[in-house]
Amino acid sequence: MADQNVPPSRQRDDRGWDGRQHPTPDGYRDHGTSAPYGPTGQQPNHPYPGHPPAVPAPAGPYLGHPPAAPGPARRGPQWVGPDGLGRPAQAATPGHGLPNLDDDDDPGRGVGRRRALAAIGGTAAVVAGGAALAMTPQVRGLFGDDAPVGDATGTTVTDGTPARPSGQQPSTVRTYTEQNESYMGSRAGEALKKNSPSGGRTFSGPAAAAEATEVTVKTVLAKDPIRHLASRATFGATPKLTADIKRLGIDAWVRQQLEPEKLAPTPAELKLADLPTLKLSPQQLRDRRDALNERGAQPEREVVDATIARQIWSERQLFEVMVDFWNDFLHVAANFDGGEVYRTSFDADVVRKHALGSYPEMLVAANKHPALLLYLSQNDSRADAVNENLARENLELYSVGVDGGYSEKDVRQAALLQTGRGVNDGKYVFRPERHYLGKVKVLGFSHPNNSDDPKKADAAIDAYIAYIALHPSTARYVAQSLATRFVSDTPPKSLVERLAKTYSASKGMIRPMLMTLFSSSEFWASVGQKVRRPMEYLVATYRTLGVSPQAAPGFKQGDNKRTAFAQGLRQIHDKMRELGQYPMGQPTPDGYPDVYVAWTSAGAMVNGWNEAGELIGGWRTQFTYTRPEKLVARPPATAGAYVDALAQRLVHQKLSARERELILDVAGVSASARVDATFNGAVAAVARAILASPQHHLR
């Protein structure tokens, strides 16, 4: 079961972060090392000259989880594996003080700015779909108004020990979907459910569905179908993106996104050549280990760096969203023991190869890839000593789901059938001498499994994997997860049923499912029903600010082994680690949860706001930034009109009257006040406040 399968992590994975934002002159920080590819050594730890570091946001417990034992709080419960509890959480940053939410040395005015900013950002606590304009208890706690209020939504951890009765039903085991559902059982989750769209129908295409669907839910987001599509089908709207959708039309843009191979790579994607390990095969990574180590290359980190770059700068946005979806659904952590050799190949040859293609083909390919076989200990499984890890997760996480109808007996039968598969000399192998021979039956699949011909025995396993990938329970499970990603934390059953029918009718093809999704009224009615997770918030911030992958003129080379672009990507990667989410980052095979109440951390929210301030100020000079006074081409002369124009530029819609007033409070001016292009020196603070609004937190 998922809570037993905690792959071993190396010592470097247990190190905490220092929490400083500017530990080196160029802002670059490389947390930990990557033995055997990366040398050890301490990193410098001093701020940018002339720019004080932000005081780290308090870690604080996430909504619905009890305080942890001494040490930092983790999102979600501890996971129990064969060797006991999983690795410790990252170390909390010592020290006290308020986060760096303002640029004002005046204590009185600074507190006012912090309160205004928190009031804006607090609306992202999407009670009733983002309509409530009130700070969350966690954010109020930062300012001493109230103590944070708990909300008992913790999930009981299953025992994960040999004492677990073999007849225990899988429905008691926590999985990806159940993980989402467990969070949604909280009071905040119940409030969200009340505002979810219900019922619906499928139209002839996305544009027809958008035109015919009325948005009735209460939300602060503009009920603009183009903005809605850009927010859900990409990692964040940009002026160019919305212009492209308007120019092409919704139908043509969706069709274009479903054929990513026809879209030319962007300059940033071409710069991925700066990551030396990205194009190397597992064998090449093994053969060149010493040379890569000398260069400081870290393959398991570079694959994450490259994913971040594509999320920010690729025009194949829907494809990248689906890559992220599958990285949670069919999850293999980047930092497992073996990830430095095999995770890059798994990304290219399994996830990216099939992300918009056939899920059955993806699952079959995954089950013959060294990354998954090592991650879940299949290489150790043989007929006389069966390891159930991969067999269990194939059922529980990667196909039918915990309520898909299988039993413990099915798990054992599947584990016996899958013996013999493993890795030798860096490649997939089938070892007939380790394979169990004898009839097996799993769910409705049965096979005599009596051939000592390696090809036939291996083919029997492929047939079983394809069978469970096309099982009706898998159709519902994939449909539920896809609808949760694109529509609502509590997606309408009507949509889930239609998506499942499409999955079954198309034999597990992903493009038809997405066309059904985008042609459904439930998708277009769900404005304001999804909240960006920390990683998505950061990526959307880079996108909307128009950050360029080229180094800024003032960049000073601080690492002669990596280019500015490679250093900058690693810095974003490390910031995401601090926020608690990064591509392929979950150490356990269930992937990250995709519901808002799993991520309600005041610390992560404030840390994200601080990072937005860094980007607006252009402090991370590995990239080039638009100066804040240049974000609006022709800034209006009055403060109120300037806020309206800046909001349209950054969050692609107007703010409410109340939010507009809060933004003006940040600058300390009235709507009618005359301002210059710098907003009388406050444009950076105003832009950061807009990026703390619910309009930027919602997707």
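Tutor: Buried means under 20% relative accessible area with a 1.4 Å probe, protein chains only. Helices are DSSP runs of H or I with at least four residues, numbered from the N terminus. The model is predicted: local features need pLDDT of at least 70, side-chain atom pairs count only at pLDDT 80 or more, and totals for chains, interfaces and linings use all residues. Residues are numbered from 1 along each chain as its sequence is written, and side-chain values use heavy atoms, without hydrogens or water.

Take helix 6, residues 225-232. Of its 8 residues, 7 are buried, so the rest of the structure largely encloses this helix. The buried ones are I226, R227, H228, L229, A230, S231 and R232. D224 caps the N-terminal end: one of its side-chain oxygens sits 3.1 Å from the backbone nitrogen of I226.

The structure has 11 cavities of 30 Å³ or more (sets of 1 Å grid points where a 1.4 Å probe fits but cannot get out; lining residues have an atom within 4 Å of a point). Helix 24 (534-544) and helix 26 (602-617) each give at least two lining residues. Helix 26 gives the largest share, 3 residues. By type, the lining splits into 8 nonpolar, 4 polar and 2 charged residues.

Finally, F679. Beyond its neighbours within four places in sequence, F679 contacts (heavy atoms within 4.5 Å) A639, Y642, V643, L664, A667, V669 and V686.

Technical notes:
Buried means under 20% relative accessible area, exposed over 50%, partly exposed in between (1.4 Å probe, protein chains only). A polar contact is a pair of N or O atoms within 3.5 Å; within protein, one must be able to donate a hydrogen and the other to accept it, and residues adjacent in sequence count only if both atoms are side-chain atoms. On a 1 Å grid over the protein atoms alone, a cavity is a set of points where a 1.4 Å probe fits but cannot get out, and a pocket is an open set with protein on both sides within 12 Å along at least five of seven lines; lining residues have an atom within 4 Å of a point. Grid points are joined across faces, edges and corners, and a volume is the space filled by probe spheres set on the points. Ala, Val, Leu, Ile, Met, Phe, Trp, Tyr, Cys and Pro count as nonpolar, Asp, Glu, Lys and Arg as charged, and the others, Gly among them, as polar.
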